[in-house]
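Subject: The structure we talked about

Hi there,

Here is the structure I promised to pass on.

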Amino acid sequence: MTTLTWEREARPVWDADKARIAASAPDGALGLDFADGAELPGDWFLAKDGESVVGLGVLDTTWGGDAEITLVVDGSRQGEGIGSFVMDRLEQEARTRGINYVYNTVRDTHPQRDEVHDWLVVRGYWGNERDASLRKRVDDVGAEQPSPAQASAPVAVPPGSRSRGEEESGDYVDVESHRY
């Protein structure tokens, strides 16, 4: 069983952990290209397993009432529920800040574009065929939301578990085949 923790970086800079995780992503998947030690835009968060950084989350709130999110999981740890953990925490952070919608864009150059797109759709993200951006409303008043203490507390992630979502079109998507 993996125990993950979530940390917000007060003054995020590009470092060896971020470079390692970004380098583990497939070629064409990311647009993260920073010099070592460079200050980073947006709010950056680390998903850790013990002392090891296993995932990154970025929340860019320059959109006013909306935010763009980016998440990256260490390539050697994909399929363990870390991506769902990061996504859940980014959405909770957005809710806490009163953000209406979060957006994620799957780059056209991403070699697993269809799989990542489906992973997002299963988790409640939607868009249209003309736009690579998918969005999700996160300010749902009736949604069950963890307290800030729960959101930052260590969470045990049993092997094979992940978040479940719904697809708005009504088509069935097998969540089991969309683990990142």
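Helices (H or I, at least four residues) and strands (E, at least two) are taken as DSSP runs and numbered from the N terminus. On that basis, the elements of the protein chain run β-α-β-β-β-α-β-α-β-α-β from the N terminus on, which comes to 4 helices and 7 strands.

Please keep in mind that this is a predicted model: local features need pLDDT of at least 70, side-chain atom pairs count only at pLDDT 80 or more, and totals for chains, interfaces and linings use all residues. Residues are numbered from 1 along each chain as its sequence is written, and side-chain values use heavy atoms, with hydrogens and water left out.

Now to burial, where buried means under 20% relative accessible area, exposed over 50%, and partly exposed in between (1.4 Å probe, protein chains only). Of the 180 residues of the protein chain, 41% count as buried.

Rings of Phe, Tyr and Trp (its six-membered ring) pair if their centres lie within 6.5 Å; planes under 30 degrees apart count as stacked, over 60 as edge-to-face and the rest as tilted. By this rule there are 5 aromatic pairs. One of them joins W6 and F85: the ring centres are 6.1 Å apart and the planes stand at 80°, so this pair is edge-to-face. Because W6 belongs to strand β1 (residues 2–8) and F85 to helix α2 (residues 82–96), the pair ties together parts that are 79 residues apart in sequence. W6 is buried at a relative accessible area of 9%, and F85 is buried too, at 4%. W6, F45 and F85 form one aromatic cluster.

W14 and F34 make a tilted pair, at 5.3 Å centre to centre and with 45° between the planes. W14 lies in the loop between β1 and α1 (16–23) and F34 in the loop between α1 and β2 (43–49), so this pair links parts 20 residues apart in sequence. W14 is buried at 7% relative accessibility, whereas F34 is partly exposed at 27%.

The loop between β1 and α1 also holds E9, which counts as buried at 15% relative accessibility. A polar contact of 2.9 Å joins the side chains of E9 and K18 (a pair of N or O atoms within 3.5 Å; within protein, one must be able to donate a hydrogen and the other to accept it, and residues adjacent in sequence count only if both atoms are side-chain atoms).

How many of the 15 residues of α2 are buried? The count is 13, so α2 is largely enclosed by the rest of the structure. Just after α2, G98 takes a positive phi of about 75°.

Finally, the strands, which pair if DSSP finds at least two bridges between them. Strand β4 (residues 66–73) and strand β5 (residues 101–105) pair in the parallel sense over 3 bridges, and A67 has V102 in β5 as its bridge partner. From β4 the chain crosses through α2 to β5, and this β-α-β crossover is right-handed (with the strands pointing away from the viewer, the path from the first strand over the helix to the second runs clockwise). β5 is also joined to strand β6 (residues 133–137) by 5 bridges, and these two run antiparallel. There, T105 stands opposite S133 in β6.

Best wishes
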